[in-house]
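Here is a short briefing on one protein model. Look over the sequence and the fold before reading on.

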Amino acid sequence: MKILFVVNPASGNTSNNKAVLRVHEMAVQKGFDFKFLYTRGRNDDEAIRHQISEYKPDRVIAGGGDGTVQLVARNLIRTETLMGILPLGSANGLATALGFPQNPVRAVDAVIEATHFIRIDLLKFNGQHLCIHLGDIGVNALMVKKYDAENRKGMIGYAKHLLSSIKESPLRSYTIKTPEGTYEKEGYMLAFANAHKYGTGVHISEGEVWDGKFEICNVPRIALDEVIKAGLTIVNVFIDKNMFSDVITCTSAEISISGEMDFQIDGEYMGAVDSLKVEIIPAAVKLLIP
Ligand SMILES: Nc1ncnc2c1ncn2[C@@H]1O[C@H](COP(=O)(O)OP(=O)(O)OP(=O)(O)O)[C@@H](O)[C@H]1O
């Protein structure tokens with residue numbers, strides 16, 4: 001067996017040394033061949049495609065956060081090569097939603113020993129941007145923008161920007177056209193979910209990453225006052241169970257918005273938009289399940 005590890009040296013808060021060391025130990029124990037490809041933040045697609053065609057790995061493991069998982073996934077669409085995830089990022093949205101081990105050593109063992117896979121769906125925005133886990137417009141995307149600008153890692157960074165993002169996000173109205181019907185909505189945020197929860201653990205829908213559908217979750221109100229009254233920390237604002245209760249399940253959608261809203265995919269800020277097209281790419285990639 002040949003395994004290509006695509007590792008993002010810049011992801012997460014801690015060094016990836018433990019995971020890298022464990023790969024070497026496991027290779028000796030199990031007798032497989034492996035290569036590391038470290039991402040550089042530019043021309044990574046070309047480097048991965050080159051390794052896939054030259055090295056011909058049986059599995060390609062994404063070592064990093066959702067951005068790295070997305071990078072690997074988009075280069076494996078509709079191929080038979082198995083993809084795995086080593087959650088080495090700061091939030092690891094998809095790996096967390098799927099319940100993968102977070103401890104680096106256990107995660108290495110799990111992804112090497114895994115024999116089962118599922119064919120996961122991907123989302124595509126505006127016909128070009130892929131998404132493995134979640135995209136959204138509004139409050140959360142503004143938070144991602146602020147967080148990116150500050151170049152800090154970890155949950156404290158998110159929490160710090162949550163309050164100001166909520167205050168600065170206007171109420172917007174949307175027209176959402178899907179093959180099943182047209183909906184008029186109002187809210188502070190729309191999430192487009194391939195999986196059923198955020199990396200922070202916040203549950204947003206009953207959808208699954210392999211069901212050929214995605215969920216559009218409207219946030220019509222944010223109960224900031226109630227959270228503060230209950231003496232909870234600011235991060236808990238997203239724990240409000242009713243927050244994501246306005247859900248549409250579909251396979252494609254066109255959204256027009258009453259004004260511009262910040263937009264993010266898998267934790268990467270994408271700019272501001274006043275319309276969006278979203279579609280599902282069903283059974284796009286074969287993902288190893290520990
Ligand atoms: N060598 C590198 N140096 C700096 N940035 C890099 C490098 N390699 C990749 N990147 C950038 O890292 C980002 C993806 O990070 P990734 O999502 O894997 O980790 P993270 O942000 O720590 O995790 P999470 O998404 O879980 O919060 C992309 O913007 C990519 O361009």
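**Helix α6**

In α6, the buried residues are V139, N140, A141, L142, M143, V144, K146 and Y147. Buried means that 20 or more other C-beta atoms lie within 10 Å of the residue's own; exposed means 12 or fewer, and partly exposed is in between, with C-beta atoms placed from the backbone. The model is predicted: local features need pLDDT of at least 70, side-chain atom pairs count only at pLDDT 80 or more, and totals for chains, interfaces and linings use all residues. Residues are numbered from 1 along each chain as its sequence is written.

- Helix α6 covers residues 139-150, which is 12 residues.
- From first C-alpha to last, α6 reaches 17 Å, close to the 16 Å expected at 1.5 Å a residue. The expected span is 1.5 Å times one less than the number of residues.
- An α-helix has 3.6 residues a turn, so residues three or four places apart point the same way.

**Overall fold**

- The protein has eight helices and 14 strands. These are DSSP runs, numbered from the N terminus: helices are H or I with at least four residues, strands are E with at least two.
- Of the 290 residues in the protein, 43% are buried.
- Among contacts with a separation of 6 or more, 73% join residues 24 or more positions apart. Two residues are in contact if their C-beta atoms, placed from the backbone, lie within 7 Å.

**Ligand shell**

- The shell around the ligand holds 19 residues, and S11, G64, G65, G67 and G89 come nearest. A residue counts as near a molecule if its C-beta atom, placed from the backbone, lies within 6 Å of it.
- Helix α3 (residues 66-74) gives the largest share of this shell, three residues.
- The shell divides into three nonpolar, 13 polar and three charged residues. Nonpolar covers Ala, Val, Leu, Ile, Met, Phe, Trp, Tyr, Cys and Pro; charged covers Asp, Glu, Lys and Arg; the others, Gly among them, are polar.

**Two domains**

- The domain assignment gives domain 1 (2-117) and domain 2 (129-282). Such bounds come from an automatic or database domain assignment.
- Domain 1 puts 17 residues into the contact, and domain 2 puts in 18 residues.
- On the side of domain 1 that touches domain 2, α3 and α4 (93-97) are the elements that give two or more residues.
- Helix α3 supplies the largest share of that side, six residues.

**E208**

- E208 sits in the loop between β10 (189-193) and β11 (214-219).
- E208 is partly exposed because 17 other C-beta atoms lie within 10 Å.
- E208 and I118 are 90 residues apart in sequence but 11 Å apart in space, C-alpha to C-alpha.
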